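Me: I've got a new structure to look at. Can you walk me through it?

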Amino acid sequence: MTSKNPEYDFKWCPGCGDFGVRRGIEGALVQHVTENEQPVNKTVVVAGIGCSGNMVHMLEKEQPFGIHGIHGRSLPLAFGIKMSNPELNVLTVAGDGDFLGIGMEHIGPQAQRNLNITSVVMDNGVYGLTKGQSSPTSELGAITTSTPYGKIEGKLNPLRTYLSFGVSYIASMMSSKVKDLSSLVYDAMNHPGFAIVHVQSPCTEYNNTYEALKGNPTKGIAPLAYDIPEGHDPTDILAAQELLNADGIPLGLIYKDDTRETFDDRSHKTIGVKEMKSIDSLVNGFSI
Ligand SMILES: Cc1ncc(C[n+]2csc(CCOP(=O)(O)OP(=O)(O)O)c2C)c(N)n1
Ligand code: SF4
Ligand SMILES: [Mg+2]
C-alpha cells in the first residue's frame, strides 16, 4: 500500500477511539517526514486483524507502505521486514486481542531482541471486530458475548507486562488526547529499540469506557486515567514499577532505556565479524 484503496469499504463506528489514534499516528508520521527528512515511503505499517488493524487502510495524507497480515502476528512480520531492510521505520498497529491475546508470545522475544520498531496498541478491552467477545484486558466479571455469565479470568495489566518483559520504551495514552499521543508515537519512532505506545481506545459499540477513563463528577465517577506527574523519571525502572503498582492508568512516558543495543545493530556486527557458514552445513546441523 502506497496509495489509499478507494474500494476498501471498512468503516469505524461513530465515536470509536481508533479515529483519535489514526490522527495521532498521522501527526507523528508528518513530523517524522519533516524533522527526520525521511520520505513517508520509508515507513511500513504492519497491521493486526481487528477493527484496530484496519488502521492501515484508513490513514489519510501521504501513504506509507502497509501490510494487513494475520491475527496476532504483527510482530513476527515486523521482525522480518526490519531485518530485511533496517533502514525502514517499522510501525505495528494492533488491538488488545491481537497483541495481548493470540499475539502475546511474540512480545517477550522482541523485548529481548530490542528490535528497533514501534508498536501502537489500541486497547478497548474487547474483540470489537468479531462483535464483542472478552479479551485479556476485559474486566473480571465482564458480561460479553463469549462470557455470558461474567468473565472468570482476571484483567491483564499490559503496562506491567511490558515492563517485566524488558520492553525498552513504554508509553501510555488515551485516544482522545491526540496531540500528546502524536508526540509519544513520534518519540517512540525515534527511540533506538522496541517501543510500545499503549492507547486506551474505547469501543463505543461493545465496551464504552470513556466515562470510566475520564470520570464524571456529576455522577461521582472518579477518572481512572491521570497524567503522569512531571517529576517522574522515565529512566528509573524502580520509579516506573512504583507508578505501575499504583491504582489507575497513568498517561505519558512511563519507561525509557536508550542505552541498550538494538537487535539490528547486534546482528549486523555478527554478520560483519563471523565467518558465514554454508547453507548446507547449517541444514546438516539439524539432521540426526
Ligand atoms: C487466527 C485467527 N483467529 C481468530 C480470528 C478472528 N478474529 C478476528 S479479529 C479478532 C479479535 C479482534 O480483537 P482486537 O485485536 O482487540 O481488535 P479490535 O477489533 O477490538 O480493534 C478475532 C478473534 C482470526 N481472524 N484469525
Ligand atoms: S466495533 Fe468498536 S472497535 Fe470496532 S469500529 Fe465499532 S466502536 Fe470501533
Ligand atoms: Mg480490542
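Predicted model: local features only at pLDDT ≥ 70, side-chain atom pairs only at ≥ 80, totals over all residues.

Me: What holds paired strands together in general?
Reply: Strands of a sheet pair through backbone hydrogen bonds, and the pairing is either parallel or antiparallel.

Me: Which helix packs on the sheet by strand 1 and strand 3?
Reply: Helix 1, residues 18-35. It touches strand 1, strand 3, strand 4 (118-123) and strand 6 (195-200). The direction of helix 1 makes about 165° with that of strand 4.

Me: What about helix 6, where does that lie?
Reply: Helix 6 (residues 158-165) lies across strand 4, strand 5 (169-174), strand 6 and strand 8 (249-256). Helix 6 runs at about 170° to strand 5.

Me: OK, zoom out. In what order do the strands sit in the sheet?
Reply: The order is 2-1-3-4-6-5-8-7. That is eight strands in an open sheet, with mixed pairing.

Me: Why is one side of strand 2 and of strand 7 left without a neighbour?
Reply: Strand 2 (65-68) and strand 7 (225-227) stand at the edges of the sheet. Each has a single partner strand, so one side of each has no neighbour there.

Me: How much twist is there from one strand to the next?
Reply: The average is 25°.

Me: New topic: ligands. How many residues surround ligand 1?
Reply: 18 residues, and the closest are Gly50, Ser52, Gly95, Gly97 and Gly128. Helix 4 (residues 96-102) gives the largest share of that shell, three residues. By class, the shell has six nonpolar, 10 polar and two charged residues.

Me: And which residues are around ligand 2?
Reply: Among them are Trp12, Cys13, Cys16, Cys51, Cys203 and Tyr206. Asp18 and Glu205 are also around ligand 2. The shell there divides into seven nonpolar, three polar and two charged residues.

Me: Last bit, the whole chain. How many helices and strands are there?
Reply: The protein chain has 11 helices and eight strands. Its radius of gyration is 19 Å, close to the 19 Å from the globule rule for 288 residues, so the chain is as compact as a globular protein of that length.

Me: What percentage of the residues count as buried?
Reply: 42% of the 288 residues.

Key: Residues numbered from 1 in each chain as written. Chains lettered and ligands numbered in written order. Near = placed C-beta within 6 Å. Nonpolar A, V, L, I, M, F, W, Y, C, P; charged D, E, K, R; others polar. Helix = DSSP H or I, 4+ residues; strand = E, 2+ residues; numbered from the N terminus. Pairing = 2+ DSSP bridges. Axes fitted to C-alpha atoms, helices over the stretch in contact; angles between N-to-C directions. Contact = placed C-beta atoms within 7 Å. Rg over C-alpha atoms; globule rule 2.2 N^0.38 Å. Buried ≥ 20, exposed ≤ 12 C-beta atoms within 10 Å, placed from the backbone.
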